[in-house]
Amino acid sequence: MAQSALVLGGGMVGVCTAWHLRERGYDVTLVERGTPGRETSYGNAGLIQREAVEPYAFPHDVLKLAQVALQRGNDVSYRLRDLLTVAPKLAQYWWNSFPSRYQGVVTGYEALIRHCLSEHDRMISASGADNLISRQGWKQIFRTQKGFDAGAARSRLLTREFGIESRILDPAGLAREEPALKRTMAGAVHWTSPYSVSDPGGLVDRYAALLTASGGRILKGDARSLRPDGAGWCVDTREGTISAEQAVITLGPWSDVVTRMLGYRLPLFVKRGYHRHFGWQGTLNTPMIDTEAGVAMLPMALGLRVTTGAEFALRDAPLSMRQIDGSERLAREMLDLGAPVEARPWLGSRPCTVDMLPLVGQAPSHRGLWFHFGHAHQGFTLGPATARLCAGMMNGEAPYIDPSPYRPSRFGRAAQV
Ligand SMILES: Cc1cc2nc3c(=O)[nH]c(=O)nc-3n(C[C@H](O)[C@H](O)[C@H](O)COP(=O)(O)OP(=O)(O)OC[C@H]3O[C@@H](n4cnc5c(N)ncnc54)[C@H](O)[C@@H]3O)c2cc1C
């Protein structure tokens, strides 16, 4: 008889996990409260970021910290009344960002990022999603000479250390390649290997269709009903209670809802982010991100998607217009955006861990239960790569990369029940 698994949560991470299990012959049921790919995996910047070998570290530069504290910039924002709750997690994040520890984090991150294009390629081709993908990379644009010099130096370092490909564009070169830019910039780094996706939610739809075409089931249900059932697990769905030998939590920023219910106190937090589409009619040859200002401008099916940097706030706190308004203002300095497409911006939460690495592995205190979440800024990029790792381990295979940096038990007592 086929082995069976429940996959709880249908974002990029859950859908890819379910498909990889199905590929291994599992009887798979993916349980989603809404429609797959309509939360964080819908609203992101749609980049498959081969260049993102270094996860975002907590800044240690005093000037940068002062700028953030005073809310002077637009790239990082926070909600004052939530800071006390989030502070212990931020302190651990800060601690893990010291160069001596961060170096190990980068090693673990790069080992995953290295596989992001090949693992997506497999699923893109199997699901016929090539028409959603552009393979032209993206441009990191700089408004200050200091920023540009640092960006160019970093791109040389990433080429040397990790073989990441890029081109450096001076102001004239950038203006020639992107004539829609209204403002003269200090220059750009063109990361040439990443992919961009014109409809991120649409890519998850294609992967979900691939899953059902291969015999996987997608049912509506609430992951909070997960409970042990004999030697396995069960969950309530609209089609009734479904049982399986194994279960995997892929609830992105809601993962803590279920892990807390089971007794875990994992050091998870979110960095929120916003987007809004504009009815811009121009042409950009690649997506562009102005990291100094904290604004991304991404040509997408629904219009030009403008996204923000990180907002430190509780996941369910009310939406604030501050950061998205700032991003819109900054984007209007560079492009004729046109009118907003939606009445209200989209708000989502990047699921973060204090050591910047996702959790992929067996739940420390429950047999047959697996954790697969915490992909922060790159879950859209990493979904297929970590899904292969997770499904392989669930199936008892030798892991295709060393899983130890992502083991949930690394959080010690917080990961024990
Ligand atoms: C502004 C912004 C820009 C970003 N840009 C990029 C980018 O360019 N590239 C990149 O790689 N990453 C990017 N990210 C990060 C990326 O979007 C996330 O890391 C990724 O989408 C997380 O995927 P997930 O499947 O873990 O979570 P989700 O996509 O949120 O999926 C979780 C699913 O669980 C379901 N769920 C929740 N509770 C329950 C329940 N009780 N029962 C059943 N189902 C439930 C939800 O409905 C949801 O479908 C960005 C994020 C933001 C906010």
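In what order do the six strands of the open sheet lie? The order is β10-β2-β1-β14-β22-β21, with mixed pairing.

This is a predicted model, in which local features need pLDDT of at least 70, side-chain atom pairs count only at pLDDT 80 or more, and totals for chains, interfaces and linings use all residues. Residues are numbered from 1 along each chain as its sequence is written, and side-chain values use heavy atoms, with hydrogens and water left out.

View 1. Strands (E, at least two residues) and helices (H or I, at least four) are DSSP runs numbered from the N terminus; two strands pair if DSSP finds at least two bridges between them. Strand β2 (residues 27-32) runs parallel to β10 and is joined to it by four bridges. Here L30 stands opposite I218 of β10.

**View 2. Helix α1 across the sheet strands β1, β2, β14 and β22.** Helix α1 covers residues 12-23 and runs at about 170° to β2. Axes are lines fitted to C-alpha atoms, for helices over the stretch in contact (heavy atoms within 4.5 Å); angles run from 0 to 180 degrees between N-to-C directions.

**View 3. The crossing of helices α6 and α9.** The axes of α6 (residues 116-127) and α9 (residues 200-213) come within 9 Å and cross at roughly 70°. That makes α6 roughly perpendicular to α9 (65 to 115 degrees). On α6 the contact is made by H120, M123, I124, A126 and S127, and on α9 by L203, R206, Y207 and L210.

How values were computed: Angles under 35 degrees count as roughly parallel, over 145 as roughly antiparallel, 65 to 115 as roughly perpendicular and the rest as oblique.
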